[in-house]
Amino acid sequence: MEDDDIDQIMQIKGIKGVIQTDIEGEDIASTIEDEQLGHFIRFLVGHAPLFEQTSELGPVSSIILTSNKDDNLGVFIGKEHSLGVLFARGCSIKKLYSQIGNYLKKLSIGDT
Amino acid sequence: MSKLDMNKILDESVSFDGISHGCIYKDEQIMASTFPSVIQDKLTDMGRFIDKIFTGSRAIDRAHDEIHIELEENRLIAYRVNDDFLLMLMAAKGINLSLVYMTVKSIEKSVKLHGLTPPKNKPSQPSLLKVIDDKEAVFDYKKEDIPVWSLGSELQDDPAELTHEQKVGSYLKGLKKILLDSFGPVGDIIFEEAVKEWRVSHQPTLDNLGKLVDLITLEIDGKGEKRSFFVKATRYIRTSIGDRK
C-alpha cells in the first residue's frame, strides 16, 4: 500500500488511525501513535490464525471490536498484509466495510 | 421477580432469522448452548480465545465489549454481558446488527435487575457435553457443520388466497427449509420420515403442525440441535399462524 492510500483512508470520516503490517506483524505503515494500541492491533493480527486453528470454522477475514465508550477497532487479515483500523464508535461496521473495501481489495485482504 | 434462566436468554438470542446458534460462556465453561453437539468441544476454546481478547482490551484501558469475527460464510459475534459472561452467536453476514445489539442490551439490563441462574441441567465441561449429548458424534467436524441461516421468509405465498391444504403445504415447505438450512441433505431425510409418520398418525391440518414439529424433533440427534430446531420451528409456526390464520 502506498502512503497515498494510507492518507486517503485517513481522509474517510470516522477513521482515526491505520496500521498496515506484514505477515510477521511488523509495521509497514502506521498513523497510530498510541504504542499500546499498536501492540494490541498486532496481537489481534497474530491471534487470527490461532482462532482458525482453534475453531476449525475456516479462515478469519477480520476481527472487529466495538464499544459504546471507546473507539472501535478493526483488523483485516490478508495473506501477506493485514490492516488495522481505528474508527469512531458512531461509525457502523457495514459502513466501514463499504468505505475501505477498495483498499482491502487492493491489498487482497479479507473477502470484500 | 425470579432470576433469568440461561437457556431462556439463549432461546431469545437465537430466535432471530439470521442467528443459527448461540452459547453462553462463563468461568471457562459453556453454561448453555444450541450449537451442534459435534462442535461443543471447541466452544470452550473459542470462548477462552475471545475472553483473552477482551482482557487484552482492558489491559490497555479500552472498554470493548463486542467482537465480530468474520468467517467465510458466517460471522461469530460475542458480547461481554455485564462483565459476567460471554454470549456467543453464530450469525449470517447480512443480519440486522442493531436488532441483535438492542436485544443483547435488553438482556444485559434484565440480568442486572433480576440476576441469572444456570440452566437446570448443570453447567457442563465440553467433554461431558460430548458424552451426554453426542454419543455418536462425528468428531472430525468441519465448518460446514455450521449452517448458513437464510434471511428469507419461508412462507412465500399469500395465505389469504390459499386453500387449507395449500396452507399446510406452505408450512411444510417452511419447516423443511428450516431443517435443510440446519442439517443439509440429512434434513430432507428427517423431514420425509417425520411427515410420513405424521400423515399416518394425525390429520394433516394446521392445528396438527405442532405434532409434526414434535415428530421431527424426535428424529433429530443431539440435545442442542433438537432445541434449536424446536425453538425455530415453533416460533415460525406460532408467528405465521398467529398473524395470518
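Visitor: Where is B:Asn82 found?
Guide: This is a predicted model. B:Asn82 sits in the loop between strand E5 (74-81) and strand E6 (85-92) of chain B.

Visitor: Why does B:Asn82 count as partly exposed?
Guide: B:Asn82 has 13 C-beta neighbours inside 10 Å. Buried needs 20 or more, and exposed means 12 or fewer. The value falls in between, so B:Asn82 is partly exposed.

Visitor: Which residues is B:Asn82 in contact with, leaving aside its neighbours within four places in sequence?
Guide: They are B:Glu108, B:Val111 and B:Lys112. B:Lys112 is 30 residues away in sequence, yet the C-alpha atoms of B:Asn82 and B:Lys112 are 7.4 Å apart.

Visitor: What makes H2(A) and H2(B) roughly antiparallel?
Guide: Helix H2 (residues 35-55) of chain A and helix H2 (residues 40-59) of chain B pack at about 175°. Angles over 145 degrees count as roughly antiparallel, so the pair qualifies. Their axes are 10 Å apart. The contact includes A:Phe43 and A:Leu50 of H2(A), and B:Phe49 and B:Ile53 of H2(B). By class, its residues are eight nonpolar, five polar and two charged.

Visitor: How many residues of chain B are in contact with chain A?
Guide: 24 residues of chain B touch 27 residues of chain A. H2(B) gives the most to the chain B side, with seven residues.

Visitor: How do you know that strand E3 (residues 62-66) of chain A and E4(B) pair?
Guide: Pairing needs at least two bridges. These strands have five, in the antiparallel sense, so they pair. A:Ser62 stands opposite B:Glu70 in E4(B).

Technical notes
Residues are numbered from 1 along each chain as its sequence is written. Chains are lettered from A and ligands numbered from 1 in the order in which they are written. This is a predicted model: local features need pLDDT of at least 70, side-chain atom pairs count only at pLDDT 80 or more; totals for chains, interfaces and linings use all residues. Axes are lines fitted to C-alpha atoms, for helices over the stretch in contact, and angles run from 0 to 180 degrees between N-to-C directions. Helices (H or I, at least four residues) and strands (E, at least two) are DSSP runs, numbered from the N terminus. Angles under 35 degrees count as roughly parallel, over 145 as roughly antiparallel, 65 to 115 as roughly perpendicular and the rest as oblique. Two residues are in contact if their C-beta atoms, placed from the backbone, lie within 7 Å. Ala, Val, Leu, Ile, Met, Phe, Trp, Tyr, Cys and Pro count as nonpolar, Asp, Glu, Lys and Arg as charged, and the others, Gly among them, as polar.
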